[in-house]
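This report covers a helix and its surroundings, then the contacts made by aromatic rings. Please keep the sequence and the structure open while reading.

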Amino acid sequence: MAAPRASWDHAYEKGLVDIMLDHNNPIYRGQNGWTAEGWTRITNAFNQKFPLAHFTKQQIQEKDKDLKGNYKAVRNSRKQSGTGWDDTLCMIIAEPVIWDKLIKDNLRVKKFRSKPFMLFKSLATLHEGSIASGDLNFVSIPQVDLTSDAISPMDSSTNDLNYISSTNVDDGMSSSDLQGQGASRRDEPEATTSTNSEQKGALPVKKRKQSQIAVVLEDYMDFRKKQSAKLVDELKESKQDDIFSIGNCVAALEPMEDLSVAEKAKALRLFKCPMNREIFINTKDSNLRLYWLKEEISEM
């Protein structure tokens, strides 16, 4: 008896891709794909994250195959002449006649004509430089410009990232130089076997570019976090200043019946000092507040 068909939604799909990215290392993923332990861990992690799903390892594997098929279809469609890419919407932009040709070439891409493919970037990260089997055999994704896709919402960092990308390519390390270093890279998990010597040389350069981009993005996010924290602190200080404003002090002073008009007028002079205003507002006991005011007024 066949297992019931799994019901997937975007949250499940995104959760699966995130979990696979967390396990995307040589321990769980070899040159020929995910290991048995990798699939077991991914399946367990997914069902822990989504306890109502109860998906089997086979259902997880089928969804992975489906997502890779969607990713390859969109990736290849982006290569075609006359197509564009809206990075915000994560959608292919093309005239109707171009869309007709894209759909004719690959029917799978039809569903992305009217809906975004929000997982494209994550899947690009997951499969970049990997060697898939069967009809998904590809080594790299030349049309996926990681520098532009990764930083398009962050225009302020674009120049820095472009500089890093260009210097990594022009730093004097040619493909032949990198091939000569092949023996020293055998123990590195990033070095992936490819179908020709040129690809062997290209992968380390690509991964170096990604590493540099990640560093810049991390610095940018730290900068933005510090900016946000500073803004929050400033807003808190501003809110505190509002609480101890002269207006609030006057509003609290006027209803006090145990002070004469003359005493209230003198009390107003006390409120020129921020410390006096803070003491006055923070004193919640009405008798203590009145006594403090009279003492201060008598010393004036």
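## The cap of helix α13

Aspartate 285 caps helix α13 at its N-terminal end. A side-chain oxygen of this aspartate lies 2.9 Å from the backbone nitrogen of asparagine 287. The model is predicted, and the distances given here are computed from it.

## Length and faces of helix α13

Helix α13 covers residues 286-298, which makes 13 residues.

Arg289, Leu290, Trp292, Leu293 and Ile297 are the buried residues of α13. Viewed down the helix axis, they fall within an arc of 165°, so they line one face of the helix. That buried set packs against α10 (246-253), α11 (261-270) and α12 (274-282). Asn287, Leu288, Tyr291 and Ser298 are exposed on the other side of α13.

## Arginines over rings

Arginine 289, one of the buried residues of α13, lies over the face of phenylalanine 280, at 4.6 Å from the ring centre. Another arginine placed over a ring is arginine 78, which lies over the face of tryptophan 85 at 4.4 Å from the ring centre.

## Aromatic pairs

How many aromatic pairs does a search of the whole structure find? The search finds 14. One of them joins tyrosine 12 and phenylalanine 50, whose ring centres are 4.9 Å apart. The planes of these two rings stand at 65°, over the 60 degrees that marks the class, so the pair is edge-to-face.

Tyrosine 12 belongs to helix α1 (residues 10-22), whereas phenylalanine 50 sits in the loop between α2 (36-49) and α3 (57-79). The pair therefore ties together parts that are 38 residues apart in sequence. Tyrosine 12 counts as buried at 16% relative accessibility, and phenylalanine 50 is buried too, with a relative accessible area of 15%. Both also belong to a cluster in which ring pairs link Trp8, Tyr12, Phe46, Phe50 and Phe55.

## A tilted pair

Phenylalanine 112 and phenylalanine 117 have ring centres 4.5 Å apart. Their planes are at 35°, so this pair is tilted.

Key: Residues are numbered from 1 along each chain as its sequence is written. This is a predicted model: local features need pLDDT of at least 70, side-chain atom pairs count only at pLDDT 80 or more; totals for chains, interfaces and linings use all residues. Side-chain values use heavy atoms; hydrogens and water are left out. Rings of Phe, Tyr and Trp (its six-membered ring) pair if their centres lie within 6.5 Å; planes under 30 degrees apart count as stacked, over 60 as edge-to-face and the rest as tilted. Helices (H or I, at least four residues) and strands (E, at least two) are DSSP runs, numbered from the N terminus. Buried means under 20% relative accessible area, exposed over 50%, partly exposed in between (1.4 Å probe, protein chains only). A charge sits over a ring if NZ of Lys or CZ of Arg is within 6 Å of the ring centre and within 35 degrees of the ring normal. The expected span of a helix is 1.5 Å times one less than its number of residues. The arc is that of the directions from the helix axis to the C-beta atoms. Contact means heavy atoms within 4.5 Å. A polar contact is a pair of N or O atoms within 3.5 Å; within protein, one must be able to donate a hydrogen and the other to accept it, and residues adjacent in sequence count only if both atoms are side-chain atoms.
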